[in-house]
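Please keep the sequence and the structure in view while reading.

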Amino acid sequence: MAFRLGHLFDLTGRAALVTGGNSGIGLAMARALGLAGAGVVLAARRKGETDEAVAALADEGVAAKAILVDLSKPECATVVADGLKRLGLTADILVNAAGINLRQPFMDVTADAFDLHMALHLRAPFLLTQVLAPRMAANGYGRVINLASLQSTRAFPNSAPYGAGKGGIVQLTRAIAEEWSRHGVTCNAIAPGFFPTPLTAPVFNDPERAAKNAAQTAIGRNGALEDLTGATVFLASAASAYITGQTLAVDGGFTAK
């Protein structure tokens with residue numbers, strides 16, 4: 001029998017804005033959305049890396065463009081809105097994947113370092129949703145996908161501001177869902193386990209630590225970026241229309257043990 005539910009997951013004609021989409025989890029999620037048919041816009045700060053990501057996506061047949069923006073700045077949402085206008089696009093999907101983890105001991109964290117984590121993990125998603133959700137609502141369709149973490153629910157060493165931000169993103173996800181879901185704009189979060197990315201390089205560069213994390217999962221391995229594909233497409237598509245305000249752990253069962 002032919003697969004007759006493809007329309008629920010088809011993102012053809014949709015446009016997705018992915019912050020931090022030039023590397024790591026952000027790029028993996030952008031790729032997933034593109035392979036499902038969406039046009040993607042990568043919003044990131046580093047031009048060279050972003051250009052490389054756009055080219056890599058194009059090699060796979062994914063229509064990708066870029067907006068250069070420093071998401072730690074209060075004006076980031078205005079920069080993104082202006083960039084989308086120049087590109088002639090309206091975002092149907094917003095993925096807030098940009099992040100940082102300076103991995104400093106608790107007593108070494110400065111006010112500026114703490115504020116940087118909050119700006120990237122909480123303020124940017126909030127401001128971008130303020131700017132983009134009204135247009136999504138006017139069009140009757142919108143999906144906001146935030147990036148939570150294992151540290152949304154548990155503490156790891158040398159990551160206090162990162163964990164605080166990731167704890168906050170779970171509540172921000174609920175708040176966005178409460179405000180916008182009745183207008184056709186849902187909001188959910190993905191909480192990844194350990195995936196090899198530039199952000200987690202210090203973890204994966206320690207074979208003993210990486211192996212310990214893999215053993216902590218129910219599946220018995222750390223994540224591969226392809227493991228995020230299904231969850232990303234699901235939460236961005238019509239298939240998840242009645243799911244909102246939720247955080248989906250894509251962690252191989254790490255938090256189940």
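Two strands count as paired if DSSP finds at least two bridges between them. The model discussed here is predicted. By this criterion, strand 1 (residues 15–19) and strand 4 (residues 93–96) pair in the parallel sense, over 4 bridges.

- The model contains an open sheet of 7 strands with parallel pairing, and the strand order is 3-2-1-4-5-6-7.
- Strand 3 (64–68) and strand 7 (247–250) are the edge strands, each pairing on one side only.
- On average, neighbouring strands of this sheet are turned by 20° against each other, direction ignored.
- V18 stands opposite V95, a residue of strand 4.

**The largest nonpolar core**

- The largest nonpolar core has 33 residues, of which L17, L71, L84, L94 and L132 touch the most other members.
- Two or more residues of this core come from each of strand 2 (39–44), helix 3 (76–87), helix 4 (111–139), helix 5 (160–180) and strand 6 (185–192).
- Helix 4 gives the most to this core, namely 7 residues.

**Contacts of L17**

- Which residues does L17 touch, not counting residues up to four places away in sequence?
- With that exclusion, L17 touches V41, A43, I67, V80, A91, I93, L94, V95 and L132.
- Among these partners, L94 and L132 are also listed with L17 as residues that touch the most other members of the largest core.

**A second core**

- A separate second core has 31 residues, including M29, A32, L33 and V62.

Definitions and conventions
Residues are numbered from 1 along each chain as its sequence is written. This is a predicted model: local features need pLDDT of at least 70, side-chain atom pairs count only at pLDDT 80 or more; totals for chains, interfaces and linings use all residues. Side-chain values use heavy atoms; hydrogens and water are left out. Axes are lines fitted to C-alpha atoms, for helices over the stretch in contact, and angles run from 0 to 180 degrees between N-to-C directions. A nonpolar core is a set of buried Ala, Val, Leu, Ile, Met, Phe, Trp, Tyr and Cys residues joined through side-chain atoms within 4.5 Å. Buried means under 20% relative accessible area, exposed over 50%, partly exposed in between (1.4 Å probe, protein chains only). Contact means heavy atoms within 4.5 Å.
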